[in-house]
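Q: Could you show me how to read the features of a protein model, one at a time?

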Amino acid sequence: MSKRNWRVGSHYDPERLKSPLIRKSLRGEEKWVEVTWSEAFDYIAEKMNKIKVEYGPESMALFSHGIGGTFLKHMMRAYGCPNETAPSFAQCRGPRETGFRLLLEM
């Protein structure tokens, strides 16, 4: 199956995730509870605020990929975190663009 068809298939897969999950056990036990989006965002905010109070906002970092991460960059800046990067350049766009240049600009 092509990558494109896989993405469409994932959208219609009856076993796909349809709501957020929060771990309700120790790591490795894999016990999850389905929650609402509001509960999930509250959970994330609580964890992030705890980190901010204990270690400062600069103790977090955002590793983003593509245009989909733009809203996360804005959120992290509002949080006070100056640490963001796009390591995907070395793994995705960088090799592709370098290959195109080497092939097409010779």
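The dialogue below goes from the whole chain to single residues.

Q: What kind of model is this, and how are its residues numbered?
A: It is a predicted model, in which local features need pLDDT of at least 70 and side-chain atom pairs count only at pLDDT 80 or more, while totals for chains, interfaces and linings use all residues. Residues are numbered from 1 along each chain as its sequence is written, and side-chain values use heavy atoms, with hydrogens and water left out.

Q: How many helices and strands are in the protein chain?
A: Helices (DSSP runs of H or I, at least four residues) and strands (runs of E, at least two) are numbered from the N terminus. The protein chain has four helices and four strands, and their pattern along the sequence is α-β-β-α-β-α-β-α.

Q: What share of the residues in the protein chain is buried?
A: A residue is buried under 20% relative accessible area, exposed over 50% and partly exposed in between, with a 1.4 Å probe and protein chains only. Of the 106 residues in the protein chain, 16% are buried. The accessible surface (Shrake-Rupley method, 1.4 Å probe; for residues, only the protein chains shown count as cover) is about 9,100 Å², and carbon and sulfur atoms hold 59% of that surface.

Q: What share of the contacts joins residues 24 or more positions apart?
A: A contact means heavy atoms within 4.5 Å. Among contacts in the protein chain with a separation of 6 or more, 17% are between residues 24 or more positions apart.

Q: Is serine 19 buried or exposed?
A: Serine 19 counts as buried because its relative accessibility is 17%. Its place is the loop between helix 1 (3-12) and strand 1 (21-23).

Q: Which residues does serine 19 touch, leaving aside its neighbours within four places in sequence?
A: Those residues are Glu34 and Val35. The side chains of serine 19 and glutamate 34 also form a polar contact of 3.2 Å. Such a contact is a pair of N or O atoms within 3.5 Å; within protein, one must be able to donate a hydrogen and the other to accept it, and residues adjacent in sequence count only if both atoms are side-chain atoms.

Q: What span should helix 2 have?
A: The expected span of a helix is 1.5 Å times one less than its number of residues. Helix 2 has 19 residues and so should span 27 Å, which agrees with the 27 Å between its end C-alpha atoms. Glycine 56 follows helix 2 and has a positive phi, near 90°.

Q: Which ring does lysine 52 lie over?
A: A charge sits over a ring if NZ of Lys or CZ of Arg is within 6 Å of the ring centre and within 35 degrees of the ring normal. Lysine 52 lies over the face of tyrosine 79, 5.0 Å from the ring centre.

Q: Where is proline 82?
A: Proline 82 is in the loop between helix 3 (70-79) and strand 4 (84-85), and it counts as exposed because its relative accessibility is 58%. Proline 82 and proline 57 are 25 residues apart along the chain, with their C-alpha atoms separated by 8.2 Å.
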